[in-house]
Amino acid sequence: MTEPLLRLSGLTKAYPGVVANKDVSFDIGYGEVHALLGENGAGKSTLVKTIYGLVKPDAGSMTLEGQPFAPQEPRIARASGIAMVFQHFSLFDAMNVAENIALGMENPPPQAEIAARVRQVSDQYGLPLDPDRIVGELSAGERQRVEIIRCLLQDPKLLIMDEPTSVLTPQEVQILFETLRKLSSEGTAILYISHKLEEIRALCENATVLRLGQVVGTCDPRETSARDMAELMVGTKLHVPEKAPRPVGDVILALKGLSAPAPHRFGTPLRDINLEVRKGEVLGIGGVAGNGQDELVAALSGELRTKRAMVRFQDKDIGHLPPNARRKAGLLAAPEERMGHAAAPDMSLTENAILTATTREGLAKKGFLQWGKARTFAEGVIKAFDVRTPGPQNAARSLSGGNLQKFVIGREIMQRPDVLVVNQPTWGVDASAAAAIRQALLDLAANGSAVIVISQDLDELMEISDRFAALNEGRLSSPRAATGLTVEEIGLMLGGAHDMEVAHVDA
Ligand SMILES: Nc1ncnc2c1ncn2[C@@H]1O[C@H](COP(=O)(O)OP(=O)(O)OP(=O)(O)O)[C@@H](O)[C@H]1O
């Protein structure tokens, strides 16, 4: 039998309180597109970090092209032909594409040469990218291309991709898949982590499923339904969120001509947003990343202050109020970037609970923090939202991405907001946890709160929203009932051809 490209044999890695990988063995062949599946915390990242030399296994071994392979650090893994595109990009906004790529090289050639090679690889693999563009001005999809091209310049034998499509538009996903197929046909193997099972079915020829750190199954995704794969991952039947009919109440939040300049050089200005949100409704806001999503969340949460009358909440003008005053009044928000924005990575979960829940949960008394109460609150979130962690004393950084997301969203929901604004609530979250988060948002609305969900995942928005609006270059289309909206109509709304603008053209 011929040797596989990479063989993993009995890899085991334990962290305090959890075994992240337990006796994991499988092969990846030359040119094979291999999916690594598993719910949040199943151990996928730990495994790929082991292959990339970022984690040292406690036991087990690897071979690469038949030779023992035990990279002590990423530099060695890269030199052996392993490349990795991370979920979170590591690029410098103020530098151009070629400069960013040079930063990742051991011995970078002159800029002009890098630019020429970027152009060549970009043409060869159908990944449009201009090496002279400033990274801060690129879309998420283009930033990812920078990372991919950086990898391709190393001519990898194995390309590892961790959740590559969560920030991409459907068109960008197609471009990426074409590139990956071409790479595979040329003999480059791809190890692909994603929670988007339909994409796995379209792309991968083999899948290894991890649960609680162990391999629990393998399948051919082309011949396995998404539902079967999801159930293999969780080991139980999948719960699909139910959108029960709900009475919709009075207007609780109104945006009136909400405008704000871009908060930084690479931000988007908000332009004359008008919107009414009612008690008991879920309003979905779609749009390609970078069209004002972060700015809108900031204007609602109070991180971005505006003129008083631009934000009206429960019949009071609050555009000038800071976040804590808004929290106290019942307007809560969970931003998109969980590490560093929604949660402080080095703080424990209890401390992270204190960060946003002190006012509403009474976690401070006469200026002193009530640690016992804070811990109980954090434990409540962990329990209610099935956050996989040994306990609230653990640092946010130690949680897997999806588990931290469950904690961050749960922390806000458990504070019983009157209005909850969430940005990308299920980003990087596995199918069953995503279903649980969506159900929690629907339950919140069923209890009379208003929920604004900002997401790039149109399927998600259609699943839970009563009304749908689209953000485009800082403008918001007028919301429309989600039921019955066609893909074409949504596409037009996302592209900015919404009713107001069409009316202007006619005039
Ligand atoms: N540095 C660390 N310290 C302590 N525990 C860790 C550390 N890294 C990972 N873990 C734990 O190991 C387990 C596996 O985590 P891992 O990030 O590999 O999961 P994952 O499958 O990639 O999850 P996700 O899909 O949410 O990204 C989790 O329980 C996680 O909390």
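## Around the ligand

Ala, Val, Leu, Ile, Met, Phe, Trp, Tyr, Cys and Pro count as nonpolar, Asp, Glu, Lys and Arg as charged, and the others, Gly among them, as polar. Sorted this way, the shell around the ligand holds five nonpolar, twelve polar and three charged residues. This is a predicted model, in which local features need pLDDT of at least 70 and side-chain atom pairs count only at pLDDT 80 or more, while totals for chains, interfaces and linings use all residues. Residues are numbered from 1 along each chain as its sequence is written.

Which residues come nearest to the ligand? Of the 20 residues around the ligand, they are Tyr-15, Asn-40, Ser-45, Ser-400 and Gly-402; a residue is near if its C-beta atom, placed from the backbone, lies within 6 Å of the molecule. Two or more shell residues each come from β2 (18–28), α1 (44–51) and α13 (401–413). Helices (H or I, at least four residues) and strands (E, at least two) are DSSP runs, numbered from the N terminus.

## A sheet of six strands

Now look for the open sheet with mixed pairing, whose six strands follow the order β6-β7-β8-β3-β9-β10. Two strands pair if DSSP finds at least two bridges between them. β6 (82–85) and β10 (214–219) are at the edges with a single partner strand each, so one side of each has no neighbour in the sheet.

In the parallel pair of β3 (residues 33–38) and β9 (residues 206–211) there are five bridges, and Gly-38 sits opposite Leu-210 in β9.

## Helices on the sheet

Helix α1 packs on this sheet and touches β3, β6, β7 (158–162), β8 (189–193) and β9. Contact here means that the C-beta atoms of two residues, placed from the backbone, lie within 7 Å. The direction of α1 makes about 150 degrees with that of β7; axes are lines fitted to C-alpha atoms, for helices over the stretch in contact, and angles run from 0 to 180 degrees between N-to-C directions. Helix α5 (residues 140–152) lies across β6 and β7, at about 175 degrees to β6.

Leaving aside neighbours within four places in sequence, Ile-160 is in contact with Val-48, Ile-51, Tyr-52, Ile-82, Ala-83, Met-84 and Leu-191.

## The whole chain

To finish, zoom out: the chain has 17 helices and 23 strands. Among its contacts with a separation of 6 or more, 67% join residues 24 or more positions apart.
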